Amino acid sequence: MRLPRTDRGRLLFVLALTTAVTVFTATVPLLRDWFDLRVYHGAVDTWVHHGGHLYDYRVPGTTYGFTYPPFAAVSMLPMALLGLHTAIAVGLLLNLAATAFVLHTLYVLTGRRLRRYGLFGLAVGLCLLALLEPVRDTFSFGQVNLLLLALVLADARLIAHGRSRWAGVGIGLAAAVKLTPAIFIVLLLLARRPRAAATATGVATAATVFAALAAPEASRFYWTDAVWDTSRIGRLAYVSNQSLQGVLARLADPAEPSRGIWALLALAVLGVWMWRARRALAGGDVLGAFALTGLAACLVSPITWVHHLVWLLPSLVILAEAGLRRRRAQLLWLAAALYALLCSSVVWLWFDDASGIGGFVGSNAYVWITLGLLLGLPVGQRRAAERRPWRRRASATAPAPNTAAPTSVPAVASPPPGPSESSAAVSAAEGPAGGTAAGPGPDRAPAAGPAVARDTGRGRSDPTGSTRPVTPKPQSSKERASSYTANLPPS
């Protein structure tokens, strides 16, 4: 299908696509009624206004309560000042802003191939993301996954553009809200970015200490009890758990899965991740390294609900961009197929029974997608010439000329020139067009006669007397040193 090329056609296309997405979202029977946001709001409200314990709260009629670290609750304290419906509206706006930032960051880090579509491409991307089940569930549950992804990608953007002063702050905040993003600190160490890793660790530690001071009882309970109790989060065999642990739990159901087998599988996945991430880093592929880390985090986490799979977004964008850049239809078809599967909610077909070969394959479909991307995602090459490398390189700027005083040459006495000699000297200085004579260029042969020392940056020997060129504004060595280097910066 050919995309419209006129502004009017693009506007109509975006309006039609937005309408279709809105109708689908409003009618599809998979809305989650902002369940997780009601957990956040109820827990914080009970904690602040009714003197209850943060981790004792349960949504009425369910066994589900607050499961995040105490800093997450502290950062959600403004919810206590809002009603539930207002909190839902604010949550929707925050998720919209995070989605726009994530999509724009992915466009920036993938180079010109996607950026050339401008605002039209951004609008179409937002509509396509709205259909993706992990994104759809994040909005419908009122979850924080997109906000965490935005924080992590903000660090990727800083590092890719060479602005590493604040790199690590986003990862540290994300790790303080949820434990899974802490794996990105290991990625910073693999990339030999000790300052960014120290910043992320310091921010996460400071946030945790601050929460411990603000809520000592809740912090003590979480770090000594709740963090080790996965049953508080949900049932491991539940079909929404698309992690390695979820696969083993569905195989062993109703028995408990083997933790030893899970540990071996997790170590194998981490080994593959480290190998591929190092290759991506060696090629200067910042986004590729972050995408692989998100995939590994989803696989090794004990519980990865479907809405946690927003961490797959960078991988899908990389796959589509690689197909466009390499002009390989197979990659584009693969990206489209994976996108369709992640929109289809196919795993819920095995909600009641995941037994047999069909159940093993179908109920774990998102796990297989994540694992396949970890093994085969095309990374390790910069996708645009203007992308800056992951590691800093020595500046390519040419050394400035030395402005030290030129070596003095003793004057040689010579008789004053005659009229004819003076006219010839002036004519040679002015050149054929009456301007200042230029030095020999690439297509100009050097003038015959005595050799004159050129400006080499290590000192000059200026002509004296009547042979000095007459110029109205002679250029200084300082002005020559301010020229651009051979590698021009991106516009």
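A: In this predicted model, the residues of helix α7 that are buried are E133, P134, V135, R136, D137, T138, F139, S140 and F141.

Q: What makes helix α7 (residues 133-141) count as mostly covered?

A: A residue is called buried when its relative accessible area is under 20%, and nine of the nine residues in α7 are buried, so the helix is described as mostly covered. Just after α7, G142 takes a positive phi of about 75°.

Q: Why is F360 called partly exposed?

A: Partly exposed covers the range between the buried limit of under 20% and the exposed limit of over 50%; F360 has a relative accessibility of 30%, and therefore counts as partly exposed. F360 lies in helix α18, and belongs to a nonpolar surface patch of about 490 Å² that it makes together with L251, I357, V361 and W368.

Q: Which helix gives the most to the nonpolar patch?

A: Helix α18, which spans residues 356-362, gives the most, with three residues.

Q: How do you know that helices α14 and α19 pack, and which residues meet?

A: The axes of α14 (residues 259-282) and α19 (residues 365-376) are 9 Å apart and at an angle of about 40°. On the α14 side V269, V272, W273 and R276 take part, and they meet L373, L374, L375 and G376 of α19.

Key
Residues are numbered from 1 along each chain as its sequence is written. This is a predicted model: local features need pLDDT of at least 70, side-chain atom pairs count only at pLDDT 80 or more; totals for chains, interfaces and linings use all residues. Side-chain values use heavy atoms; hydrogens and water are left out. Patches are made of residues with over 30% relative accessible area and no salt bridge: like charges are joined within 9 Å, nonpolar side chains (Val, Leu, Ile, Met, Phe, Trp, Tyr) within 5 Å. Accessible areas come from the Shrake-Rupley method with a 1.4 Å probe; for residues, only the protein chains shown count as cover. A salt bridge is a side-chain nitrogen of Lys or Arg within 4 Å of a carboxyl oxygen of Asp or Glu. Helices (H or I, at least four residues) and strands (E, at least two) are DSSP runs, numbered from the N terminus. Buried means under 20% relative accessible area, exposed over 50%, partly exposed in between (1.4 Å probe, protein chains only). Axes are lines fitted to C-alpha atoms, for helices over the stretch in contact, and angles run from 0 to 180 degrees between N-to-C directions. Contact means heavy atoms within 4.5 Å.
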